[in-house]
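Look at the sequence and the structure before reading on.

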Amino acid sequence: MPQKDAPFDDLDRKIITALIDNGRASFAEIGTAIGLSATAVKRRVDRLRENRVITGFAATVQPAALGWLTEAYVEVYCDSAAPPRRLAEVVRNHPEIAAAMTVTGNADALLHVRATDVEHFEEVLERIRTEPFIRKTISYMVLSHLLPDSPEAGARRSSTQSSPPSATRPARSDAGKTRS
């Protein structure tokens, strides 16, 4: 069976690595580091973008600098009639949800939520729970990041929210694991 050509080669991988390390690096800087001209790097980056290998460029932002001081992971349990595309529609309506994915195990989905404080997190959780197909949630508050340079900690991750929502409803505080 003939081997299908890889969509990119080792030089492309080096360019991608350089851009991940520093998205503001010039084509000349990348070229010098990997042994190509700036023009050749630009051509390759353009091709990688056309082929959707590179899908965009982003700034690395510390969530706390934007006021997102509280963080939690929320397991979501849905009624059997809730397809993933319906859950995706719902999570897009909550700017506090930094990431969402369907998962194996007992939960149907896992949400990574950032909020200004515990009260704001609780308000977000209450909004999520109002969806008719969500049966229950289990929340885990993040206390600290053991890998502070990971994307989950805010490293090498763009913030799609420019600032946290300013209006939060007063709510009771729940600093631990929340079950519904």
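## Loop residues and helix packing

Arg52 is exposed, at 59% relative accessible area; the classes are buried for under 20%, exposed for over 50% and partly exposed in between, with a 1.4 Å probe and protein chains only. The model is predicted, so local features need pLDDT of at least 70 and side-chain atom pairs count only at pLDDT 80 or more, while totals for chains, interfaces and linings use all residues. Residues are numbered from 1 along each chain as its sequence is written, and side-chain values use heavy atoms, leaving out hydrogens and water.

Arg52 is found in the loop between α3 and β1. Helices (H or I, at least four residues) and strands (E, at least two) are DSSP runs numbered from the N terminus. Most residues other than glycine have a negative phi. Arg52 is not glycine, yet its phi is positive. Gly35, which follows α2, also has a positive phi.

| Residue | Phi |
|---|---|
| Gly35 | near 85 degrees |
| Arg52 | near 60 degrees |

Phe57 also lies in the loop between α3 and β1 (70-78). Phe57 counts as partly exposed because its relative accessibility is 45%. Leaving aside neighbours within four places in sequence, Phe57 is in contact (heavy atoms within 4.5 Å) with Leu19, Gly23, Val45 and Arg49. Leu19 is 38 residues from Phe57 along the chain, and their C-alpha atoms are separated by 8.5 Å.

How do α1 and α3 pack, in terms of angle and distance between their axes? Helix α1 (residues 10-21) meets helix α3 (residues 38-50) at an angle of about 85 degrees, and the axes are 10 Å apart. The two helices are therefore roughly perpendicular, a term for angles of 65 to 115 degrees. Axes are lines fitted to C-alpha atoms, for helices over the stretch in contact, and angles run from 0 to 180 degrees between N-to-C directions. On α1 the contact is made by Leu11, Asp12, Ile15, Ile16 and Leu19, and on α3 by Val41, Arg44, Val45, Arg47 and Leu48.

Helix α2 (residues 27-34) has Ile30, Gly31 and Ile34 as its buried residues. They lie on the same side of α2 because they cover an arc of only 100 degrees around the axis, taken from the directions from the helix axis to the C-beta atoms. These buried residues pack against α1 and α3. The exposed residues Thr32 and Ala33 are on the face of α2 turned away from its buried side.

Methods. Parallel < 35°, antiparallel > 145°, perpendicular 65-115°, else oblique.
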